[in-house]
Amino acid sequence: MPDPPARVESPTMALPVVGAGEPAAPRRVRFGRTLTVRAVLVTCTVALVSVLVTAIVAVPLAIRGAERRDQDALAAQARLAAEVLRTRLDRGRGADEERLIQQLRDQGIDAYLIRRGRVDRPGLPARVVQRIGQGRHVSAHRLVDGRRAVVEGRALPGGNGVVLSRPVADGLWARVLLSLWLPLLAGLTAGVVAGLLLARRLARPIRVAATAAARLRAGDRAVRVPVEPPDEVADLAEALNGLAAALATSEGRQREFLLSVSHELRTPLTAIRGYAEALADGVLDAGDTADTGRTMLTEAQHLDRLIGDLLALARLEAADFPLEPVSVDLARLAVDAEPTWSGRCAAVGVPFRLETPGGPVPAYTDPGRIRQVLDGLLENALRVVPPGSPVVLAVRPVGADPAAGGVLEVRDGGPGFTDDDLAVAFERGALHERYRGVRKVGSGLGLALAAGLVRRLGGEIVAGHAPEGGAAFTVRLPGDPYLTRTSA
């Protein structure tokens, strides 16, 4: 026996489905890469920066406010002391003065008495004494006994006056900064808590979506993700749900397509096998051998067409799919096809009509592939049209400009299609599945192959209702670029 022919696979059909039916391998989670950790770090950083910025702005204001309060308090005491000593400075230092000075010293305030422009003890800057002697008040920060101090002086008549000084407290900045540890800790704690809550809120829908995607990868097409706010999460959920529905629909159509194709392949194989067994068993008469051979040849040709269509569909999207577009006269193409199809139609009692504009209809396409599309559409029409109803092949230009392209149209007077049928007319096996057992149907590949070929050639194909009562398929092909350059 001769060896069986090698099985031919297209590149598209030979690609394995990686990971189909297998759960996704768990990915190693590294610290710092998770959304939760990053959200916590971001919120803590924001809280820390906010506290530091607040401290940078608020601490100087707080210190200046504290110094202003000390200055105002010392100024009030200086005014009070000046009023008390107004009439007593000219008499010499008495018991009342000593008592007042001691009370101020107990409060950490040094008092200086100025009589006729002279201070009673050293330590006070000469400029302050001079201003008081000139009858002007003093309110400033000066060095008193080598220490920075708040100075408030009140001038009295006759060059007299009272000056109070209080040393500026050391470490004021440090004390203010140390007092910030509590709000800083509170801010960081709030950042951690807010980060955890935010990360949990953000990560939960993402984890749900990841789990759903893993289940989709494993083959579960019934999985759905709840659609919840915010809008971005809702968009993600709707996209995954749409993907799951599209995958379920696509796989269902693929199963139906494979079932219908297997049925179509089995029919000629069954006939060939039956006749082959009859020949092998010698149950056929010698006079039936020729008829048997013709039947087996017809079935083998049918089988060859099915396999050819399958291979063409599989290779249609490949970059190396052979196409040879040239300048073509669609009217001549239709005239060449008329003898073949008028004869086939007449054999079954179907009138065939050719409609042409009476002149050339130029287009730029592959004549062999377009003839393949035309033959497929006419064969589909002839299969379903009843005797007496017409099959029409029409050709017309797209417009007045010959460079605009041309249109081929196949119409029939058969049962036609519903609007729902027109929506899926070019999907593989869709109409075959709907009308199998209802009317004569083909393999379910012809219209899908025709649509793919037309698209590869840069044209478009549309299914619609024919005025003859059946279906109409309109193929629009691009114009000849040479004519475009010539007219330009």
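## Salt bridges at a glance

A salt bridge here is a side-chain nitrogen of Lys or Arg within 4 Å of a carboxyl oxygen of Asp or Glu. With that criterion, a search of the whole structure turns up 12 salt bridges. As background, side chains of opposite charge can pair when their charged atoms come close.

This is a predicted model, where local features need pLDDT of at least 70, side-chain atom pairs count only at pLDDT 80 or more, and totals for chains, interfaces and linings use all residues. Residues are numbered from 1 along each chain as its sequence is written, and side-chain values use heavy atoms, with hydrogens and water left out.

## Pairs within helices

Glu 277, at 40%, is partly exposed.

Helix H10 (residues 367–384) holds Arg 371 and Asp 375, also 4 residues apart. Their salt bridge spans 2.8 Å, N to O. Arg 371 is partly exposed at 21%, and Asp 375 is partly exposed at 22%.

## A linked network

Arg 353 and Glu 355 form a salt bridge, with their closest N and O atoms 3.3 Å apart. Arg 353 is partly exposed at 36%, as is Glu 355 at 29%. Both belong to a network of salt bridges that also links Arg 396, Glu 409, Arg 411 and Glu 468.

Key. Buried < 20%, exposed > 50% of the residue type's maximum accessible area, 1.4 Å probe, protein only. Helix = DSSP H or I, 4+ residues; strand = E, 2+ residues; numbered from the N terminus.
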